Amino acid sequence: MRTLVVLAHPDLAASRVNAALAGAARPVEGVTVHDLYAAYPGLTLDVEREQRLLLEHDRIVLQFPFYWYSVPPLLKKWLDEVFLHGWAYGTGGTSLHGKSLLVTTSLGGGEEHYRPEGLNRYTVAELLRPLEATARMTGLRYEEPFVLYATPALDDAGLAAHQEHYRALLASGAVREPELTAV
Ligand SMILES: Cc1cc2nc3c(=O)[nH]c(=O)nc-3n(C[C@H](O)[C@H](O)[C@H](O)COP(=O)(O)O)c2cc1C
């Protein structure tokens, strides 16, 4: 299993959580951590290089801090420019078929805020539907997302536990699909 972690943090130097998760991922056998903001400081993507990287891996991980209920801008641009018609979807667009997609995201808000009665009303699974739909459209198997809540309240021991969980998830070839997808 070759795993590509597409890491998208606009300010990784100031990151605590995503930097720690990336640090846990890097030594795992078969894992490539691809730091998008470091690779493209001018924000201009090399689409062929990105497509080549995707072809070389079996499991695609999108790792990012949750920004306004969505992905940071360079990751959106990456999706827009790399997942092309005829390559990722549409006639002949089968390049990603059979691979899997794992979303790894960190949130400032607590899990209790991501419930119908909570501050944000919607669950994270619901807010991630655009990525789930993208996976479906491109033939990627959508895995149960790895979601890390309430990052400001996370102490060092809690962060270390998440690092270990992430390491184990990446080391394991087992793809866990969400129990409840469509509601
Ligand atoms: C521009 C911006 C938007 C954010 N939007 C959200 C949000 O919609 N929901 C949320 O729970 N946290 C939000 N946050 C908090 C970040 O998700 C949180 O700080 C981050 O996941 C922590 O990870 P890091 O240590 O790697 O930066 C936002 C932070 C920033 C800077």
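Which elements do the buried residues of α1 pack against?

First, the ground rules. This is a predicted model, in which local features need pLDDT of at least 70 and side-chain atom pairs count only at pLDDT 80 or more, while totals for chains, interfaces and linings use all residues. Residues are numbered from 1 along each chain as its sequence is written, and side-chain values use heavy atoms, with hydrogens and water left out.

Now helix α1. Helices and strands here are DSSP runs, numbered from the N terminus: helices are H or I with at least four residues, strands are E with at least two. Buried means under 20% relative accessible area, exposed means over 50%, and partly exposed lies in between, using a 1.4 Å probe and protein chains only. The buried ones are V17, N18, A20, L21, A22, A24 and A25. To answer the opening question, they pack against the strands β1 (3-7), β2 (31-35), β3 (59-65), β4 (100-106) and β6 (146-148), and against helix α7 (156-171). Contact in this talk means heavy atoms within 4.5 Å.

Next, the ligand. There are 16 residues around it, and H9, S15, N18, S106 and Y114 come nearest. A residue is near a molecule if one of its heavy atoms lies within 4 Å of it. By class, the shell has 8 nonpolar, 7 polar and 1 charged residues. The classes are as follows: Ala, Val, Leu, Ile, Met, Phe, Trp, Tyr, Cys and Pro are nonpolar, Asp, Glu, Lys and Arg are charged, and the others, Gly among them, are polar.

A polar side-chain atom of S106 lies 2.5 Å from a ligand oxygen atom. A backbone N or O atom of F66 is 2.8 Å from an oxygen atom of the ligand, and a backbone N or O atom of W68 is 2.8 Å from a ligand nitrogen atom. On its own the ligand has 640 Å² of accessible area, and the protein covers 70% of that. Those areas come from the Shrake-Rupley method with a 1.4 Å probe; for residues, only the protein chains shown count as cover.

Not counting residues up to four places away in sequence, H9 touches S15, N18, Y37, P65 and Y67.

Where is T105 found? T105 is in strand β4, and it is buried, with a relative accessible area of 1%. The T105 side chain reaches the backbone oxygen of F64 at 2.9 Å and the backbone nitrogen of F66 at 3.4 Å. Leaving aside neighbours within four places in sequence, T105 is in contact with F64, P65, F66, F146, V147 and L148.

Last, salt bridges. A search of the whole structure finds 10, each being a side-chain nitrogen of Lys or Arg within 4 Å of a carboxyl oxygen of Asp or Glu. K77 pairs with E81, the closest N and O atoms being 3.3 Å apart. The two are 4 residues apart in helix α4 (residues 73-82), so about one helical turn separates them. K77 is partly exposed at 28%, and E81 is partly exposed at 27%.

E132 pairs with R129 at 2.9 Å, both in helix α6 (residues 129-137) and 3 residues apart. E132 counts as buried at 6% relative accessibility, whereas R129 is partly exposed at 26%.

E177 and R141 have their closest N and O atoms 3.0 Å apart. E177 lies in the segment after α7 and R141 in strand β5 (residues 141-142), so this pair ties together parts that are 36 residues apart in sequence. Salt bridges that share partners also join R129, E132 and R136 into one network.

Key: A polar contact is a pair of N or O atoms within 3.5 Å; within protein, one must be able to donate a hydrogen and the other to accept it, and residues adjacent in sequence count only if both atoms are side-chain atoms.
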